[in-house]
Amino acid sequence: MSFNQSFRVATFIWVGAFAVMTRPAGANARGSWQNFAQSPEGTAEVAGLEDNSEMQGDRDQEQREREQRDREQEKRDREQEKRDRDQERVDRLEELYDNGREALDDEKYETARDRFAALAKANGPQTDAALYWQAYADQRLGQREAALAAIADLKARFPQSRWQKDAGALEIEVRQGTGQPSRPEAQGDQELKMLAIQGLMNSDPERAMPLLEKVLQGPASPKEKSRAMFVLAQSGSPQGREIIGRIARGQSNPELQRKAVEYLAIFGGPEARKTMAEIYASSNDVSLKRSILRSYMIGGDKERLFAAAKSEKDPALRREAIRQLGLVHGEQELEQLYQTENSPELRREILQAFFLAGDVKKMQEAAKNEKDPELRRAAVRNLGLVRSDESGKALAEIYARETDRGIREEVLNAYFLQGNAGAIVAIAKGEKDPGLKKRAVEKLSLMHSKEASDYMMELLQK
């Protein structure tokens with residue numbers, strides 16, 4: 001408040017008090033005050049004070065709401081950071097496993113042994129598999145005692161592991177061997193055997209089937225087992241599908257089971273998908289169920305993906321089913337899910353699936369009509385990731401009709417993601433809100449485009 005305003009208010013209060021004191025005895029002091037306040041000058045002063053008070057109250061309320069939103073956003077950010085850290089660890093372990101398997105396929109056994117030894121020490125979900133492959137690599141290197149030690153560790157720590165059968169077969173091979181490193185020509189011998197089995201499969205499948213099954217059940221290399229599985233799947237024979245079906249149902253190690261599910265999806269028909277559905281319903285293995293959901297995507301099976309997205313109890317698997325629905329363009333199924341789902345997190349996943357399906361219309365509807373501000377912002381962000389005239393027009397409509405400052409800032413971010421400097425320049429020129437105008441200029445200052453540079457020069461010349 002300025003000095004003049006302060007002086008006028010103080011004078012107003014003093015005059016009012018003087019009027020009360022100088023009233024005749026018995027007069028209504030409150031009436032004197034009200035009469036004075038109702039005078040033109042008094043009314044203006046009171047109104048000004050009330051307006052200032054209301055404005056300050058509005059600012060305080062806005063500040064409290066902003067702080068509340070910030071606290072809620074910080075909480076969501078912390079929760080998301082934890083999920084991201086957990087997922088990063090899972091991804092690192094999976095990458096380490098994949099690197100070890102690639103080294104085995106390339107016959108780089110020392111590298112493979114080191115990768116799997118590190119994975120076993122990490123005590124992740126693949127520890128039993130890591131111990132098996134560590135033993136396998138040691139056996140190929142001729143390090144018999146190390147291989148037996150890894151097998152013993154696997155048997156002691158994971159008595160219920162589905163790698164036990166493979167470990168037992170490997171242990172027999174190690175104990176029967178001489179402990180010498182494997183000869184390079186031995187790999188060639190195995191490849192020749194597989195070629196012979198494949199040729200036999202073409203001429204006499206009944207004799208070839210037991211040989212292929214023996215390869216799958218024994219301590220053969222990962223490459224040999226994968227090739228044997230491929231030969232069985234490609235044959236299209238009922239017996240081959242039966243063998244693959246048994247492996248897919250869990251009569252082998254988890255890695256080979258996932259490979260069997262993959263081949264069922266590629267080479268199988270409706271009967272194979274029915275088998276996968278039965279396996280999905282009876283399994284508690286999250287990794288296997290995720291593989292089956294991805295296999296549904298390969299086969300374009302929207303019906304079963306929709307069923308999993310609706311009824312799966314595991315939130316991570318529900319999110320996986322929703323993502324796969326987006327990849328098979330299941331827009332109608334996603335729309336039904338979005339209308340019935342109450343979880344903001346899963347609704348956000350559905351919005352992401354709309355993005356994967358390229359459904360700009362659904363994202364636009366959510367950005368305009370969704371009641372949850374966070375979901376509206378997510379829809380706007382996804383629109384920013386779609387670089388098209390349709391999405392640019394949708395963002396312009398949202399900005400023009402929107403009153404929520406946070407949503408309008410998100411539109412600016414979306415334009416920035418699109419590299420749409422022209423749209424941001426238009427906002428900067430027409431925006432009356434100084435804060436939003438500043439945000440627009442900040443975005444333009446980071447963009448390397450002629451439109452942005454021209455507008456910067458225009459600002460400097462004012």
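This is a short walk through the structure above, from the whole chain down to single residues.

The model is predicted, so local features need pLDDT of at least 70 and side-chain atom pairs count only at pLDDT 80 or more, while totals for chains, interfaces and linings use all residues. Residues are numbered from 1 along each chain as its sequence is written, and side-chain values use heavy atoms, with hydrogens and water left out.

Let us start with the overall picture. The protein has 25 helices and zero strands; helices here are DSSP runs of H or I with at least four residues, strands are runs of E with at least two, and both are numbered from the N terminus. Of the 462 residues, 40% count as buried, where buried means under 20% relative accessible area, exposed over 50% and partly exposed in between, using a 1.4 Å probe and protein chains only. Contact means heavy atoms within 4.5 Å. Among contacts between residues at least 6 apart in sequence, 56% join residues at least 24 apart.

Helix α10 (residues 222-235) and helix α11 (residues 238-248) meet at an angle of about 130°, with their axes 8 Å apart. That angle makes α10 oblique to α11. Axes are lines fitted to C-alpha atoms, for helices over the stretch in contact, and angles run from 0 to 180 degrees between N-to-C directions; under 35 degrees counts as roughly parallel, over 145 as roughly antiparallel, 65 to 115 as roughly perpendicular and the rest as oblique. Which residues meet here? On the α10 side they are Met229, Leu232 and Ala233, and on the α11 side Gly240, Ile243, Ile244 and Ile247.

Aromatic rings come next. A pair of aromatic rings is described by the distance of the centres and the angle of the planes. Rings of Phe, Tyr and Trp (its six-membered ring) pair if their centres lie within 6.5 Å; planes under 30 degrees apart are stacked, over 60 edge-to-face and the rest tilted. By this rule there are nine aromatic pairs. In one of them, Tyr97 and Phe116 have ring centres 5.7 Å apart and planes at 80°, so the pair is edge-to-face. Tyr97 sits in helix α3 (residues 40-105) and Phe116 in helix α4 (residues 109-121), so the pair ties together parts 19 residues apart in sequence. Both Tyr97 and Phe116 are buried.

Finally, visit Thr127, in helix α5 (residues 127-140). Thr127 counts as buried because its relative accessibility is 2%.
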